[in-house]
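User: I am new to this structure and would like to learn how to read it. Please take me through its features one at a time.

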Amino acid sequence: ALHENEKRPKGGHTRLQFFLIAFIASFAYYLIPSYFVPSISAISVVCLIWTESITAQQIGSGLHGLGLGSFGLDWSTIAGFLGSPLAYPGFAIINTLIGFLLMVYVALPILYWSNTYEAKRFPIVSSHTFDSTGQTYNITRILNPKTFDIDMEAYNGYSKLYLSIMFAFTYGLSFATLTATISHVALFHGKTIWQMWKKTTATLQGHLGDVHTRLMKENYEVVPQWWFHIILILMVGLAVWTCEGFDQQLQLPWWGVLLACAMALFFTLPIGIIAATTNTAPGLNVITELVIGYMYPGKPLANVAFKTYGYISMTQALTFLSDFKLGHYMKVPPKSMFVAQLVGTVLASSVYFGTAWWLLTSVEHICDPSLLPEGSPWTCPGDDVFYNASIIWGVVGPLRMFAKYGIYPEMNWFFLIGFLAPVPVWYLSRKFPNQKWIPYVNMPIILGATQSMPPARAVHYLTWGAVGIFFNFYIYKRFKGWWARYNYVLSAALDAGVAFMGVLLYFTLQSYDISGPEWWGLMNDDHCPLATCPTAPGVVSEGCPVIR
């Protein structure tokens, strides 16, 4: 849209003009929820009415509970964790909401209030880890400070590791999502994949392919395969050297790097098909943690390194393909795209690393909400989940979490549930071919709907779903011309406005520890302090009444 020379329609705007208007509006508005009134990012009406009821706040809290009646007036609430809903196809939004509603409003209340896995000892929604008394798990009691691995004698004398029922159930659904993805792709796309695989040679020679492919081959030189091979060999070699060198501080042996790369290679195709058709990509984070946790237990740094090489490599591969596809349709020379991707990757990774190092050394108490000043944005919800996952899978390990020595062995049944879940949908789509809606029932999306919880919470899903339905159903049906012309431009403008204001706020105010004016709305929370309280008798938690 921004590269096209476009004439302004009478009484309207070009897409570039529309982008600039929406960008300025988003940029200006984000100053309110990010600096002056952070509380409007998550408004939980139930908590404002019932200020002394634990149950009411558990039901109504958008950040710490089920989120009934909660909403946010902030684009980062809508798109910060789940991506812009304007960019999702309508059926994918409906599938995601079905999965979310079944998880949060059916399964979660039943499991919590029936006290499954002693759920009432812990918050109903939390990404933290706990001991048997309901207190935050003290990892220093079981971690050997010299070797940075588990001390089994200390672990046996302390406590097994517990999770909130939401966190535990999310892991079970992650197991199901992975096997459902394989089963779904095999049933619905397996024949097409096999046919295309057999035709690959002819396609590469230019005998097949769509009009875009033929035009690209006629006008530009293709990227030689040996360019990719050299990059692959160099990067795998550097990864092995990184893990085996530096006195093996990362704990991951060379074979772990190769296994992680093999897993990324295997899952790129099935997950890529799901991502291409739904704009939703199931993650490999849990299965990579599970595999290395069994093969190399008690090594937290090895676990997170293996997860990064396995999960992030696949994610970056899909991003690389997505960018190439965009350039393919825009008729950008393939070699230019390759060089741009290579330079961009080196530049971006260097900036990311430098920025992270700078923030960690310059922001006091970063990622520790209990010590940060009110209104501080440096709460790091994603990193908090990453850290706790390293405890669950790396220190304690899946054998003592999800097997015979753990609390949650039943979660392994989700592997089978996920594998079988797409079968009825596939059968019904073949049995009733005239029912065009049946193939739109996507079990990997439904089962994996809450894979972002945590760090995403109920308020993020509810606002994301409401905005997505409004634009991709109501606006699409009533104003299809406007939707086709401006929908994706609006999405990009809203994202860009928030991003630029966030950067400006940091360099002008937050880097100098200047927060917004101190008042009720400065709290970067939804004013539901009792939503995180345990409801089991006798459990003591700071700031919570003790149930007798």
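User: Among contacts between residues at least 6 apart in sequence, what share joins residues at least 24 apart?

Analyst: The idea is to look at how far along the sequence two touching residues lie from each other. In this predicted model, 73% of the contacts between residues at least 6 apart join residues at least 24 apart.

User: What percentage of the residues count as buried, and what does the accessible surface come to?

Analyst: Of the 548 residues, 45% count as buried. The accessible surface is about 28600 Å², and 67% of this area belongs to carbon and sulfur atoms.

User: How many helices and strands are there?

Analyst: The secondary structure comes to 21 helices and 4 strands.

User: How is the length of a helix checked, for example that of α8?

Analyst: The check compares an expected span with the distance between the helix ends. Helix α8 covers residues 165–198, so its 34 residues should span 50 Å at 1.5 Å a residue; the end C-alpha atoms are 47 Å apart, which agrees.

User: Where does α8 bend?

Analyst: The bend is at H189 and comes to about 70°.

User: What is a disulfide, and how many does the structure hold?

Analyst: A disulfide is a covalent bond between the sulfur atoms of two cysteines. The structure holds 3 disulfides. Counting bonded cysteines along the chain, their pattern is 1-4, 2-3, 5-6.

User: Which parts of the chain does the disulfide of C47 and C528 link?

Analyst: The sulfur atoms of C47 and C528 are 1.9 Å apart. This pair links distant parts of the chain, 481 residues apart: C47 is in helix α3 (residues 45–49), and C528 is in the segment after α21 (480–508). The torsion about the S-S bond is about 110°, so this disulfide is right-handed. C47 counts as buried because its relative accessibility is 2%, and C528 counts as buried at 1%.

User: Where do C367 and C380 lie?

Analyst: The disulfide of C367 and C380 has an S to S distance of 2.1 Å. Both C367 and C380 lie in the loop between α15 (334–362) and α16 (381–396), so the pair ties together parts 13 residues apart in sequence. The link is left-handed, with -75° about the S-S bond. C367 is partly exposed at 34% relative accessibility, whereas C380 is buried at 13%.

User: How many residues apart are C533 and C544?

Analyst: A disulfide joins C533 to C544, S to S 2.1 Å. Both cysteines lie in the segment after α21, so the pair ties together parts that are 11 residues apart in sequence. C533 is buried, with a relative accessible area of 0%, and C544 counts as buried at 13%.

Key: Residues are numbered from 1 along each chain as its sequence is written. This is a predicted model: local features need pLDDT of at least 70, side-chain atom pairs count only at pLDDT 80 or more; totals for chains, interfaces and linings use all residues. Side-chain values use heavy atoms; hydrogens and water are left out. Helices (H or I, at least four residues) and strands (E, at least two) are DSSP runs, numbered from the N terminus. The expected span of a helix is 1.5 Å times one less than its number of residues. The bend at a residue is the angle between axes fitted to the seven residues ending there and the seven starting there. Buried means under 20% relative accessible area, exposed over 50%, partly exposed in between (1.4 Å probe, protein chains only). Contact means heavy atoms within 4.5 Å. Accessible areas come from the Shrake-Rupley method with a 1.4 Å probe; for residues, only the protein chains shown count as cover. A disulfide is a pair of cysteine sulfur atoms within 2.5 Å.
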